[in-house]
Amino acid sequence: MSTVEKETLLHASRRDVLKASAALTVAFWLPQGRAIANGTAHAAFEPNAFIRIGTDGIVTVVSKHIEMGQGAYTGLATIVAEELDADWSRVRVEGAPADTKTYANLLFGSAMGTGGSSSISNSFDQLRKAGATARAMLVSAAAQKWKVPANEVTVSQGVVSHAASKRSATFDELAAEAAKVPAPADAKPKDASAYTLIGKPVARVDSRDKSTGRATFTQDIHLPGMLTAAVVHPPRFGAKVKGFDASQAKAVKGVKAVVAFETDVRSGVAVLATDFWTAKKARDLVTVEWDETAAYRGSTTELFREYRELAKQPGESAKKVGDAPAALESAAEVLEATYEFPYLAHASMEPLNCVVRIGAQDCEIWNGEQFQSIDQMVVARMLNLPPSNVTLHMLYAGGSFGRRANPHADYVAEAVAITKAAGVDVPVKMVWTREEDTKAGYYRPLYVHTLKAGLDKSGRLIAWQHRIVGQSIMAGTLFAGPGAIDATSVEGASNLPYTVPNLSVELHTTKNRVPVQWWRSVGSTHTAFSTECFLDDIARHTKQDPYALRKALLSADHKRHHATLDLVAEKSGWNRPRPEDEVWGLALHESFNSVVAQVAQLKRTANGLKLAKVICAVDCGLAVNPNIVAMQMEGGLGYGLAAALSGAVTLKDGVVEQGNFDDYPVLRMNQMPAVDVHIVPSTAKPTGVGEPGTPPIAPALANALALANGTPVRSLPLSAQGITLV
Amino acid sequence: MLTLDINGRKVETDAEPDTPLLWVLRDHLGMTGSKYGCGKALCGACTVHVNGAATRSCVLPVAAAASMKITTIEAVGDSPIGHAVQEAWIAENVPQCGYCQSGQVMSASALLATNKKPSDADIDAALSGNICRCATYVRIRSAIKRAAESLA
């Protein structure tokens with residue numbers, strides 16, 4: 001045993017002391033002897049479930065949403081700090097425990113979870129109220145203590161003051177009194193004109209820890225006695241373990257157990273060992289015999305062929321205006337296009353993982369926890385426990401882009417199944433390799449779209465028919481609706497913002513065993529591309545300017561679309577002469593109630609085309625933190641760009657052909673354009689920012705490429721079409 | 001038993017000699033700042049300095065690192081360059097999810113140690129081995145330039 005290992009054992013025992021001494025404090029041990037209390041040990045004033053003021057004056061904001069990069073911790077804390085008039089430098093954030101009643105996502109009904117770019121929008125009023133209530137209690141406490149009228153008491157940067165009597169106190173000094181004040185029901189949030197933090201580029205709360213290696217992700221959790229599990233997944237979706245030979249694996253020093261596991265969605269074998277490398281080495285020595293009776297053996301080339309055929313037939317109606325078939329029949333001219341989209345993996349930087357401890361009557365989970373209600377319910381059912389006995393510690397996630405909110409709790413259930421199969425009472429950290437993360441499914445579905453446009457003699461758009469073919473994300477989950485239309489398959493198409501007198505949006509929902517899931521911006525990942533590229537087809541064919549055509553087709557009640565489009569045109573200089581060596585493409589799309597427009601500026605260089613710059617305009621309502629909005633636009637379009645350039649999961653005879661970043665290439669530094677983000681000024685309630693930056697980049701780029709190369713782009717990724725950028 | 005020189009300290013480990021340095025750091029020594037992302041030197045999340053050079057620790061057997069000076073994210077801030085890079089990262093609000101950022105900081109620090117005023121092309125060349133799925137690249141570029149200025 002190394003000296004460091006001895007040290008860790010010493011700290012392990014300290015952890016037990018910590019846990020025993022603070023009943024409400026969930027402490028977990030971390031490497032390097034850092035014991036982190038997930039919560040303030042001494043809360044002096046806890047006005048509600050979202051705010052805790054410690055004896056040290058630190059304001060802890062409890063976030064019901066995970067921080068996975070999107071800036072939720074900073075944004076949510078900003079709202080509270082604003083209403084509380086707290087000192088921003090003394091505000092901390094911690095993840096909420098799983099408590100659906102208290103911490104439900106108000107846009108998800110009664111479920112606790114993070115998604116749909118809703119963290120700020122669903123919390124805005126709730127947290128303003130929470131902050132304003134706490135502030136009112138502190139003010140009452142001060143007024144009573146100093147025997148002065150409450151309306152003469154002011155609060156600024158964490159200090160409560162009464163100017164006339166020259167008295168002041170910090171939050172912690174008033175905490176004991178404030179705790180005795182009944183919470184007022186009518187505390188009024190501030191008027192926007194009084195904001196000092198909201199709307200300002202407040203520094204992120206997590207920058208320092210994430211720049212110094214101190215932030216704790218699931219991958220970083222170490223608990224006393226913990227084992228690490230490496231897994232063998234089936235080669236094809238739906239295959240099951242028939243038998244396995246672990247004799248060689250068990251001979252590896254440090255291996256504690258080799259077990260088969262099965263969940264509702266996956267079967268496999270796990271090797272549990274003292275550390276990851278030992279587990280992984282032993283895992284490579286396990287041979288598994290698979291029962292492939294029910295396994296999926298299809299290929300993506302067959303799927304595309306099948307989907308193209310389906311697209312020739314009318315589908316279920318998702319949206320109907322006028323009579324599109326008749327209008328197409330009578331049109332002077334009909335334009336047609338077919339668009340194809342591959343399966344996409346989320347490929348977060350932190351491969352999926354989960355830490356589980358199963359006790360006699362409880363279960364504790366450490367996870368980049370994105371979907372508490374589902375995870376807690378699934379685990380409780382697996383272990384036959386009441387859900388309240390399943391504790392979820394919400395940690396930072398090293399990306400997710402939707403993947404960690406699996407509607408079947410797939411990887412969380414897998415970690416629980418492994419721990420249960422091993423029959424151990426110590427914690428188990430399940431770690432997938434990059435290859436397992438890429439191959440395990442839950443992809444953005446593969447789609448084929450066909451579009452037809454009918455033009456009258458003067459070139460006016462009189463008919464628009466849009467057929468979409470692909471798997472339903474919601475089918476087979478708790479979120480499946482009653483009708484034939486999965487709204488996530490057609491969103492962005494069925495609510496086309498352009499006015500067309502005869503419109504038909506149709507859907508063919510297909511079924512196969514390839515697991516699919518929401519992927520940053522969901523349906524808009526494909527509908528933005530087909531609608532915005534097809535519109536540019538029409539613009540080119542009728543010799544109209546893409547900006548002018550969009551403006552002409554947007555009705556006056558699409559105010560946010562107009563404002564966003566105008567802003568991107570103004571900031572890019574769309575209506576001014578362009579540099580001779582540049583070709584620009586434009587796209588506009590609404591998702592998660594925000595509207596984003598992007599201009600992709602391609603530059604001709606000696607070595608080929610380069611995406612030099614993207615001008616992005618966004619209307620997201622009130623920008624709680626404009627800097628984070630800009631970050632999400634930059635990152636969102638970078639994520640979309642990666643998929644557009646080279647993202648594709650392909651299957652052959654049921655086997656996923658990609659595994660790591662060599663065959664599933666993602667965006668790198670040299671491919672990232674400069675980005676200018678402009679926010680439409682707004683006082684409307686905040687809308688989404690985590691996802692809306694993603695959809696417009698692929699069509700904006702494709703529209704520029706169509707001009708540069710003289711041929712439209714009809715299929716993604718570009719690399720599969722032989723199109724590369726420098 | 002191997003003796004390693006990590007962050008200026010001699011550390012002993014009984015890890016198997018073929019264990020990649022990354023897993024010795026993370027699982028044996030409890031230094032979890034360096035991250036696992038791909039295991040094949042494709043993403044750069046595990047980047048450390050080995051004798052000053054940015055190195056992917058996920059493919060470097062610990063036995064091969066035994067005689068070398070290793071610096072990790074846990075101590076890079078002790079050097080003026082590492083400190084300047086981290087402060088620039090914070091000032092530019094670079095990290096989003098943050099998982100890749102230890103590796104980004106290590107690659108940026110190694111670049112600035114040999115190139116006091118890197119051009120965009122220099123930054124592309126030195127940082128293109130470090131993937132960021134949040135695509136924080138615009139801000140990484142700005143932060144490297146900010147750090148270079150603060151060191152000038």
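Tutor: Start with a definition: the expected span of a helix is 1.5 Å times one less than its number of residues. Keep in mind that this is a predicted model.

Student: OK, what span should helix α6 of chain B have, and how far apart are its end C-alpha atoms?
Tutor: Helix α6 (residues 137-151) of chain B has 15 residues, so at 1.5 Å a residue it should span 21 Å. Its end C-alpha atoms are 21 Å apart, which agrees.

Student: Which residues of α6(B) are buried?
Tutor: Among them are B:Tyr137, B:Val138, B:Ile140 and B:Ile144. B:Arg139 and B:Arg141 are buried too.

Student: What do the buried residues of α6(B) pack against?
Tutor: Parts of both chains. From chain A, α18 (626-646) and β29 (674-679). From chain B, α3 (80-91), α4 (101-114) and α5 (120-127).

Student: New topic. How many aromatic pairs are there over all chains?
Tutor: A search of the whole structure finds 18. Take A:Phe276 and B:Trp23: the ring centres are 4.2 Å apart and the planes are at 35 degrees, so the pair is tilted. This pair crosses between chains, from helix α8 (residues 276-283) of chain A to helix α1 (residues 21-28) of chain B.

Student: Are A:Phe276 and B:Trp23 buried or exposed?
Tutor: Both A:Phe276 and B:Trp23 are buried.

Student: What about the rings of A:Phe371 and A:Phe479?
Tutor: Their centres are 5.6 Å apart. The planes are at 15 degrees, so that pair is stacked. A:Phe371 and A:Phe479 are 108 residues apart, each in a loop of chain A.

Student: Is A:Phe479 buried or partly exposed?
Tutor: A:Phe479 is partly exposed, with a relative accessible area of 32%. A:Phe371 is buried, at 5%.

Student: Which charged residue lies over the face of A:Tyr396?
Tutor: A:Lys210, at 4.4 Å from the ring centre. A:Tyr396 is also in a cluster that ring pairs link, with A:Tyr73, A:Phe217 and B:Tyr99.

Student: Now the sheet. What is the strand order?
Tutor: In chain A, 5 strands form an open sheet in the order β15-β23-β22-β21-β16, with mixed pairing. The edge strands are β15 (316-321) and β16 (333-341). The twist averages 10 degrees from one strand to the next.

Student: In which sense do β16(A) and β21 pair?
Tutor: Antiparallel, over 9 bridges. For example, A:Tyr339 has A:His449 in β21(A) as its bridge partner.

Student: Which helix lies across β16, β21 and β22 of chain A?
Tutor: Helix α15 (residues 524-541) of chain A, running at about 150 degrees to β16(A).

Conventions:
Residues are numbered from 1 along each chain as its sequence is written. Chains are lettered from A and ligands numbered from 1 in the order in which they are written. This is a predicted model: local features need pLDDT of at least 70, side-chain atom pairs count only at pLDDT 80 or more; totals for chains, interfaces and linings use all residues. Side-chain values use heavy atoms; hydrogens and water are left out. Two strands pair if DSSP finds at least two bridges between them. Helices (H or I, at least four residues) and strands (E, at least two) are DSSP runs, numbered from the N terminus. Axes are lines fitted to C-alpha atoms, for helices over the stretch in contact, and angles run from 0 to 180 degrees between N-to-C directions. Contact means heavy atoms within 4.5 Å. Buried means under 20% relative accessible area, exposed over 50%, partly exposed in between (1.4 Å probe, protein chains only). Rings of Phe, Tyr and Trp (its six-membered ring) pair if their centres lie within 6.5 Å; planes under 30 degrees apart count as stacked, over 60 as edge-to-face and the rest as tilted. A charge sits over a ring if NZ of Lys or CZ of Arg is within 6 Å of the ring centre and within 35 degrees of the ring normal.
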